[in-house]
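I opened this model today to look up its packing and its charged pairs. Here are my notes, in the order in which I took them.

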Amino acid sequence: MIDLPASVLALVELTPIEDICLRILRDGLPDVPVNSLIADDAPGLFILVRRLPALGDWRGDPRFTDAARFSVNVFTRDPDGDEKGAIVSEAVRVVMRNAWLAHVNYPGLGSVISIRMRGEPTRKPDWATSSGPVQYADLPTGMWRYESTYDLEIRKPRRR
């Protein structure tokens, strides 16, 4: 259990939307590490999920739903790292679509109302996408990153 005051925990209605993305991808791709942070000893194949800033355009309803844009980064290594990144990115798309079509309820996290791919998987040369003057380090030789973006709406978890 999280070490926070009961008064804080009693007011929380929406869970971090990254948590349901992590759960969906971990269930759908059980043999691929799926995280929200890059480990120091990152394996040759892993998926990174991150919520993206909405810039003031949140589409959720605090009574029933949450909505977010998030990125899915697939990291692979050679041999054939480029091809593997594209293939795993397609598998991610199918897993997310299937979670929406199956209306799976993830206890404590909610269920997917809709999902839409906003940006198709594209190859990136660095560890993270820069949206300003900040520059990120290039990937090491033989390592590949594919980035996709999705819009996700979830029905918030039931509380008793």
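**Entry 1: around Phe-70**

I began with Phe-70 and skipped its neighbours within four places in sequence. Phe-70 is in contact (heavy atoms within 4.5 Å) with Cys-21, Val-49, Arg-50, Arg-51, Leu-52, Met-96, Ile-115, Ser-148, Thr-149, Tyr-150 and Leu-152.

A note on the source: this is a predicted model, where local features need pLDDT of at least 70 and side-chain atom pairs count only at pLDDT 80 or more, while totals for chains, interfaces and linings use all residues. Residues are numbered from 1 along each chain as its sequence is written, and side-chain values use heavy atoms, with hydrogens and water left out.

**Entry 2: the nonpolar cores**

Next I looked up the cores. By nonpolar core I mean a set of buried Ala, Val, Leu, Ile, Met, Phe, Trp, Tyr and Cys residues joined through side-chain atoms within 4.5 Å. Buried is under 20% relative accessible area, exposed is over 50%, and partly exposed lies in between (1.4 Å probe, protein chains only).

Which residues of the largest nonpolar core touch the most other members? They are Leu-25, Ile-47, Phe-70, Val-92 and Leu-152, out of 28 residues in that core. Two or more residues each come from helix 2 (17-28), strand 2 (46-52), strand 3 (65-77), helix 3 (81-102), strand 5 (110-124) and strand 6 (143-155). Helices (H or I, at least four residues) and strands (E, at least two) are DSSP runs, numbered from the N terminus. Helix 2 gives the largest share of this core, six residues. I also found a second, separate core of six residues, with Ala-42, Leu-48, Phe-75 and Leu-139 among them.

As background, nonpolar side chains in soluble globular proteins tend to be buried together.

**Entry 3: salt bridges**

How many salt bridges does the structure hold? I noted nine, each one a side-chain nitrogen of Lys or Arg within 4 Å of a carboxyl oxygen of Asp or Glu.

Arg-23 pairs with Asp-27 at 3.0 Å, N to O. Both lie in helix 2, four residues apart, about one turn of the helix. Arg-23 is partly exposed at 34% relative accessible area, and Asp-27 is partly exposed at 43%.

Glu-147 bridges to Lys-124, with the closest N and O atoms 4.0 Å apart. This pair links distant parts of the chain, since Glu-147 is in strand 6 and Lys-124 in strand 5, 23 residues apart. Glu-147 is buried at 13%, whereas Lys-124 is partly exposed at 24%.

Arg-145 meets Asp-126 in a salt bridge of 3.0 Å, N to O. Here Arg-145 sits in strand 6 and Asp-126 in the loop between strand 5 and strand 6, 19 residues apart. Is Arg-145 buried or exposed? Arg-145 is buried, with a relative accessible area of 0%, and Asp-126 is buried too, at 13%. Salt bridges that share partners join Lys-124, Asp-126, Arg-145 and Glu-147 into one network.

Last, I checked Leu-101, which is found in helix 3. Leu-101 counts as partly exposed at 48% relative accessibility. From Leu-101 to Val-72 I noted 29 residues in sequence and 19 Å in space, C-alpha to C-alpha.
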